[in-house]
Amino acid sequence: MKTYVPLTREDRQARRNAGIDRPSWIVYGCLAAVLLGSAFPIWWSFLIASHDSTILARNSFPMIPGGNFWSNAREVMDSVPFWRAVGNSILVSTSVSLSVVFFSTLAGYAFAKLRFRGSGPLLVFVIATMAIPTQLGVVPLFQVMAQLGWTGQLHAVIVPGLVKAFGVFWMTQYIRSALPDELIEAAQVDGCSQFRTFWSIAVPAALPAMWMLGLFTFVATWTDFFWPFIVLGAGNPTLPVALQQLQAAHFVNYSLVLTGACLATIPLLALFFVAGRQLVSGIMQGAVKQ
Amino acid sequence: MKARGRPLPPQRPATPPTLRQRLTAANRRCTPYLYISPFFLLFLITGLFPLLFTGWVAVHRWDLIMGQGEFVGLDNFRRVLGSPDFWKSTRNTFSIFLLSSVPQVILAITIAALLNFNLRGRTFWRMGVLLPYVVAPVAVVLIFSNLFADRFGVINSLLDLVGIAPVRWHSEVLPSHLAIATMVNFRWTGYNTLIFLAAMQAIPRDLYEAAAVDGANRVRQFFSVTVPMLRPTIIFVVITSTIGGLQIFDEPRLYDQYGRGGADGQWRTLTIHLYELGWTQSDFGRASAVAVLLFLLIVAIGLVNFTITRRIATAGGHR
């Protein structure tokens, strides 16, 4: 996979030769401050989570982690359906990501490489829908789910997320530049069916963009709160909904609440350390292509 | 390339197309529509229809449990607009939105400019600014609600160190808005920084060289080359943050344990107001009226944003 490199090696060499050298320590100092600002709250939540609930009332701030994290974690798991919430979050985020990637790639391939009447205006329509705050249709959407008997069930969260305009747009952009027309023509001459052409020519060429789309969809679905909160309810929550229950029940017990926050963040932190580089280049590519 | 699997069919140029050929042609014509149809179907059912139907619900008496009642015209809108709760929520929504979007764009451009230096360990710094993005808003608000606690909060203790009296971050209007805006900024500044950084790297180098020849120093170059060239990106970031920012729900909902936006509604936003009307008071009619009003507001602000950002960004320099 090619990571996003905005300047070629020669460019950067030229830049260095032109005297634009390594910046002074002030730049590093400012960046270190920014880094501290982004890491400190997360570290803080772990500090509080690893002490007992009286730590803050004693008016002394902890500097090192205490030994109560696991007992706090056990208490969190007893007071909300924690493992169920983890299972639900994994199920919802994985199925939404897979589906978004599949349908967006399919549609992106059609928009980028197949010629059909109305493709231009239809693509403009797809892009325009990104600017429409469709979440404001919650009232009727809730009624539809209630009619179907889906309230409290995971399909109510999964189905509306199955394909997203951003995904279609993103895949269209990528496939347009990454897949040469000759390859498709050759496949058709060879007698590949339409779907076969898509599956064995377009998909392999689009894989890097598909991974990134899946990654972003996963993070967005994992952290989503408003709609799951409305439609799922207390019995069958995703992680953010379970956190809300935990907080509503134990607001003053900060150690417990922040243990919940830590536990919900750890999976995504792990994902970040594995795939953070991809997230960075995904955002930067999307910005250049928009 | 794969070897040809079967021989081509014999050519019959003069005869009309067979049924099989016509089927293949029809298939070829329909396939693209088939491929793009999942998006359009889903958008119609879960996006467009609910949005339009909100307008229909808004002009009826409509209960969460009992369902549709009689047609009441603009009565729901009259009741919503006549209640001080709505106006307070509107004020709070705007205040929080301004406190989160304006500093965020400025901060993001500044940090992007720092990252745009020829740094050692580029990837490390870039990943560092993105770290907060993987923390769910719900977890962010739990953490910051603690940091901004009125009693025993870290922020108040730090203020105490420099001799500032403790701020009541939860019970007062503006401080609570500041705290909530900080949470939004915490999660999104890094994300937008990377967008700006990408845009900065796409600016042609000769523009800077030309500016340097004209005697412009680093700071001058930043304001008369970088900022104007970022114009489309600024518009993009501002518009996306408007759509999300005016619908803010997670942070104010979890800023205290009751979730109603404060004892006096001091940080209640429009989306919380919508939720309270619909799911606590089971009045879907009025909840939908709020949704329609918020929709119009977002569209209006989007247009205003577009004009303002355009003007600000062009004022800095000409291209």
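Visitor: Among the contacts in chain A with a separation of 6 or more, what percentage comes from residues 24 or more positions apart?

Guide: The idea is to ask how far apart in sequence two contacting residues stand. In chain A, 77% of the contacts with a separation of 6 or more link residues 24 or more positions apart. Please keep in mind that this is a predicted model.

Visitor: How many helices and strands does chain A have?

Guide: One begins by listing the elements in order. Chain A has 13 helices and zero strands, and its pattern along the sequence is accordingly written α-α-α-α-α-α-α-α-α-α-α-α-α.

Visitor: Why does B:Leu294 count as buried?

Guide: One counts the neighbours around the residue. A residue is called buried if 20 or more other C-beta atoms lie within 10 Å of its own. B:Leu294 counts as buried because it has 23 C-beta neighbours inside 10 Å. This residue sits in helix α13 (residues 284-315) of chain B.

Visitor: Which residues is B:Leu294 in contact with, leaving aside its neighbours within four places in sequence?

Guide: B:Leu294 is then in contact with A:Leu136, B:Leu246 and B:Leu270. As for B:Ile109, it is 185 residues from B:Leu294 in sequence, and their C-alpha atoms are 29 Å apart.

Visitor: How many residues does each chain give to the contact between chains A and B?

Guide: An interface is read from both sides. Chain B gives 78 residues and chain A gives 84 residues. Several helices of chain B supply at least two residues each, among them α3 (84-115), α7 (173-201) and α13. The largest share of this side of chain B, 17 residues, comes from α1(B).

Visitor: Which domains does the domain assignment give for chain B?

Guide: The assignment gives domain 1 (19-58) and domain 2 (75-315). Taken over C-alpha atoms, the centres of these two domains of chain B are 36 Å apart. Their contact takes four residues from domain 1 and eight residues from domain 2. The domain 1 side of that contact divides into two nonpolar, two polar and no charged residues.

Notes. Residues numbered from 1 in each chain as written. Chains lettered and ligands numbered in written order. Predicted model: local features only at pLDDT ≥ 70, side-chain atom pairs only at ≥ 80, totals over all residues. Helix = DSSP H or I, 4+ residues; strand = E, 2+ residues; numbered from the N terminus. Contact = placed C-beta atoms within 7 Å. Buried ≥ 20, exposed ≤ 12 C-beta atoms within 10 Å, placed from the backbone. Domains from an automatic or database assignment. Nonpolar A, V, L, I, M, F, W, Y, C, P; charged D, E, K, R; others polar.
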